[in-house]
Amino acid sequence: MPLGLEIPHLDLSRLDEGEFTGVYRAWLDHQVLLFRGQQLTDLDLITFSRRFGNLDWAPVQETGRRFVEGHPEIYVVSNVIENGTPIGSLGAGEAVWHTDMSYLERPPKASILYALEVPPAGGNTYFCDMYGAYESLPESLRRRIAGLHLKHDATYNSGGYVRQGVAATDDPVNSPGVYHPLVCTHPETGRRALYLGRRRNGFIGGLPLAESEALLDELWSYVEREEITWAHRWQAGDVVLWDNRATMHRRDAFDPGMRRVLHRTQIQGETAPRA
Ligand code: OGA
Ligand code: MN
């Protein structure tokens with residue numbers, strides 16, 4: 001089934017059980033869901049998110065601030081600066097292709113972004129179907145990567161900012177991070193997905209660095225293709241929910257003079273990524 005689906009006419013603050021079951025099924029089938037015209041408080045967003053599982057606490061913002069007062073589950077994605085301090089993370093630059101927090105042993109299984117304020121242009125977000133990426137690999141390449149593990153770098157976030165408490169490094173061999181199988185089996189759908197995390201400082205265990213770099217470049221060439229991506233142009237009130245185990249995403253830069261404010265929750269993964 002195609003990547004990305006808009007589900008119209010649902011108010012996420014008052015879904016009944018039957019509606020939620022349908023949403024859950026559609027999320028597994030399409031990996032990314034869009035709901036427009038929502039009017040949610042932070043508590044509504046948290047309550048909806050909790051129907052998918054336990055929530056992670058938001059990662060530390062780039063300023064060192066932890067989270068929205070009273071709501072440790074909410075991560076603010078924003079370029080807005082108030083009293084000299086950014087209210088959120090990721091600035092106004094590009095956020096490069098990535099899977100959220102794949103440098104953890106147990107990355108979140110889903111993320112949900114709710115748009116409060118968006119710029120008139122720019123800041124679009126793109127999703128890539130990693131089942132499709134795996135299925136598009138030539139058989140010989142699939143055989144070559146079977147059983148390999150990739151280190152997911154913990155140094156930089158997708159905006160290129162160094163994470164709290166980490167020393168900046170561009171050495172893929174020695175950068176901090178955790179290894180996951182390059183090809184993972186989705187715990188709920190049973191489908192195989194290519195699991196790349198992000199390109200910067202990626203390192204395939206057991207290979208000489210030059211070989212790891214060449215193989216990663218080859219794999220990444222299968223990702224950035226239109227046939228397996230879905231583009232989203234934001235409107236205020238949009239909620240986008242994605243399966244973090246079977247997709248990657250990236251965001252365009254936008255005019256830093258324009259305001260963009262989104263609130264995000266993350267649903268804990270119940271299992272570590274498995275081959
Ligand atoms: C995120 C993210 C992209 C965006 O919140 O995980 O990558 O569109 N955001 O701001
Ligand atoms: Mn992200």
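In this predicted model, helix 1 covers residues 17-30, and its end C-alpha atoms lie 20 Å apart. At the start of helix 1, the backbone nitrogen of glycine 18 has a side-chain oxygen of aspartate 16 within 3.2 Å. Glutamine 31 follows the helix and has a positive phi, near 65°.

The buried residues of helix 1 are Phe20, Val23, Tyr24, Ala26, Trp27, Leu28, Asp29 and His30. An α-helix has 3.6 residues a turn, so residues three or four places apart point the same way. The buried residues of helix 1 pack against one other helix, helix 2 (42-50), and against strand 1 (5-6), strand 2 (32-35), strand 8 (110-117) and strand 16 (239-243).

Pockets were also examined. The largest pocket holds about 430 Å³ of space. Its lining consists of 29 residues, and Tyr75, Leu90, Asn157, Arg163 and Arg264 lie nearest the centre. At least two lining residues come from each of strand 3 (75-78), strand 6 (89-90), strand 7 (95-98) and strand 17 (247-251). By residue class, the lining of the largest pocket comprises 13 nonpolar, 8 polar and 8 charged residues.

The second largest pocket contains about 220 Å³ of space. It is lined by 18 residues, with Pro187, Arg245, Thr271, Ala272 and Pro273 nearest its centre. In the second largest pocket, the lining is made up of 8 nonpolar, 6 polar and 4 charged residues.

Key:
Residues numbered from 1 in each chain as written. Chains lettered and ligands numbered in written order. Predicted model: local features only at pLDDT ≥ 70, side-chain atom pairs only at ≥ 80, totals over all residues. Heavy atoms only, no water. 1 Å grid on protein atoms, 1.4 Å probe; cavity = no way out; pocket = protein on both sides within 12 Å on 5 of 7 lines; lining within 4 Å. Points joined across faces, edges and corners; volume = space filled by probe spheres on them. Helix = DSSP H or I, 4+ residues; strand = E, 2+ residues; numbered from the N terminus. Nonpolar A, V, L, I, M, F, W, Y, C, P; charged D, E, K, R; others polar. Expected span 1.5 Å × (residues − 1). Buried < 20%, exposed > 50% of the residue type's maximum accessible area, 1.4 Å probe, protein only. Contact = heavy atoms within 4.5 Å. Polar contact = N/O pair within 3.5 Å; in protein donor to acceptor, adjacent residues only side chain to side chain.
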